[in-house]
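Hello,

Here is the structure for you to look at. My notes on it follow below.

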There are 2 protein chains.
Amino acid sequence: MTKILGVLGGMGPLASAHFMLRLTLLTPAERDQEHIPAVLWSDPRVPDRTAARLGGGEDPLPALLRGIHGLEAAGCGAVAIPCNTAHGWYEGMQAATRLPILHIVEATGDELARLGVAERPVGVMGTAATLAMRLYQQGLERRGWDCLVPEPGEMEALVTPAIALVKANRVAEAYAPLAEAARRLVARGARAVVLGCTEIPLGVAAGPALPFPVADSIDALARAAIRWARS
Amino acid sequence: MTKILGVLGGMGPLASAHFMLRLTLLTPAERDQEHIPAVLWSDPRVPDRTAARLGGGEDPLPALLRGIHGLEAAGCGAVAIPCNTAHGWYEGMQAATRLPILHIVEATGDELARLGVAERPVGVMGTAATLAMRLYQQGLERRGWDCLVPEPGEMEALVTPAIALVKANRVAEAYAPLAEAARRLVARGARAVVLGCTEIPLGVAAGPALPFPVADSIDALARAAIRWARS
């Protein structure tokens, strides 16, 4: 019995397409038939997660559950969600399905460990909602990494607009503000920077490599999915 | 009612992930919610299409139909298949579903027209099975383009190994043989070259742009899908 990976995506659609690409490229395979079967449910209509958490916008949980039930019906054995902010609804989703949901923050912690990042402060970039929900602060601090996050002014001027640029397909323009926000975290003592929103790695890849360790939450989740599929 | 695009992929998985990326990047959108909802059924276990057609290998049709029925169950309104060779089973698939299946050869003809390629010979690169089934020769000749295809020796030395390299994630190595095969078609009189296997655009994108018009079957199918979704 081959395991089929379910991917709840579309948040945003470019990030989930990129996740599928990285899942494929990180899988050791010589021919099609050695790759991991997967179903990507790419539903960009899911109500905005940040607006829901911070601004009283429409609750995304019903749309998230629709996707998970679609992946169940398709025969998937686990679910990966290449959207960090959606993990604010992790408990509600996990309670509604018998499928294990791979947790992107746990996967990113595994990535920090794989990169050999010492248990010292790390910087975390993400949406305002991901940071406000303390998804990384709780998940990583439990494992020994203190988290530094951008100042509110840096979020407003750099990180939030850069995420919106990627969602509008203006990927190259997102590089400079993201690189600047990451650089400031390192200047404040971060030993590595977590790209804790799946739009961020796309922007960061559009320019020169950053001169410090970065933990990419897309690659981290892809590696966790490969471990699940191969176990 | 939003239309949901079904994508029958995994043939290969890198090509279908790339299709999802191009579908997103070619869609005019400012935010997630303006993108096209899609379900990608990425099943790399589908028996090898070329082996089935040329070597008496296992028939892929049952696996293709399983995917199409999965996409129907997920609520999709049309199917796009980012694998040219699979279109050798187009009639069998279309007969088994009420969903329209966008035809990649028709879409690529539309792309040649969009590029303004005169109705003169065009070169076609594809798998040995796609060329032997005359998918492009029939589809394009009906619309006024004669087709030139690589010689058997060029298929064996250049095109077939390059496709296998992409399927094995060795994308950069595929560039030189593909560029050489395309150059030879142009030297024999082709006004443009059709990248008629969805692995080929990935290899061609890994090096300098080719100095003649190319019609990319992945982009062509993505544009056809966007027209369907927006109509």
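**The two domains of chain A**

In this predicted model, domain 1 and domain 2 of chain A bury about 1,800 Å² between them, and 59% of that area is on carbon and sulfur atoms. The size of an interface is often given as the accessible area lost when the parts come together.

As for where the domains run, domain 1 of chain A covers 5–103 + 219–230, and domain 2 covers 105–217. Their C-alpha centres are 20 Å apart. On the domain 1 side of chain A, 22 residues are in contact with 26 residues of domain 2 of chain A.

The rule finds 2 salt bridges across the interface of these two domains of chain A. A salt bridge is also found between A:D110 and A:R227, whose closest N and O atoms are 3.3 Å apart.

**Cavities**

Rolling a probe the size of a water molecule over the atoms shows where empty space is left. The structure has 6 cavities of 30 Å³ or more, and the largest cavity holds about 70 Å³ of space.

Which residues line the largest cavity? From chain A they are A:P13, A:A17 and A:S42; from chain B they are B:M20, B:L23, B:T24, B:T27, B:H35, B:I36 and B:A38. Two elements give two or more residues each to this lining: α1 (13–25) of chain A and α1 (13–25) of chain B. The largest share, 3 residues, comes from α1(B). By class, the lining of the largest cavity has 6 nonpolar and 4 polar residues, and no charged ones.

Regards

Terms used
Residues numbered from 1 in each chain as written. Chains lettered and ligands numbered in written order. Predicted model: local features only at pLDDT ≥ 70, side-chain atom pairs only at ≥ 80, totals over all residues. Heavy atoms only, no water. 1 Å grid on protein atoms, 1.4 Å probe; cavity = no way out; pocket = protein on both sides within 12 Å on 5 of 7 lines; lining within 4 Å. Points joined across faces, edges and corners; volume = space filled by probe spheres on them. Helix = DSSP H or I, 4+ residues; strand = E, 2+ residues; numbered from the N terminus. Nonpolar A, V, L, I, M, F, W, Y, C, P; charged D, E, K, R; others polar. Domains from an automatic or database assignment. Contact = heavy atoms within 4.5 Å. Buried area = accessible area lost by both parts, 1.4 Å probe. Salt bridge = Lys/Arg side-chain N within 4 Å of Asp/Glu carboxyl O.
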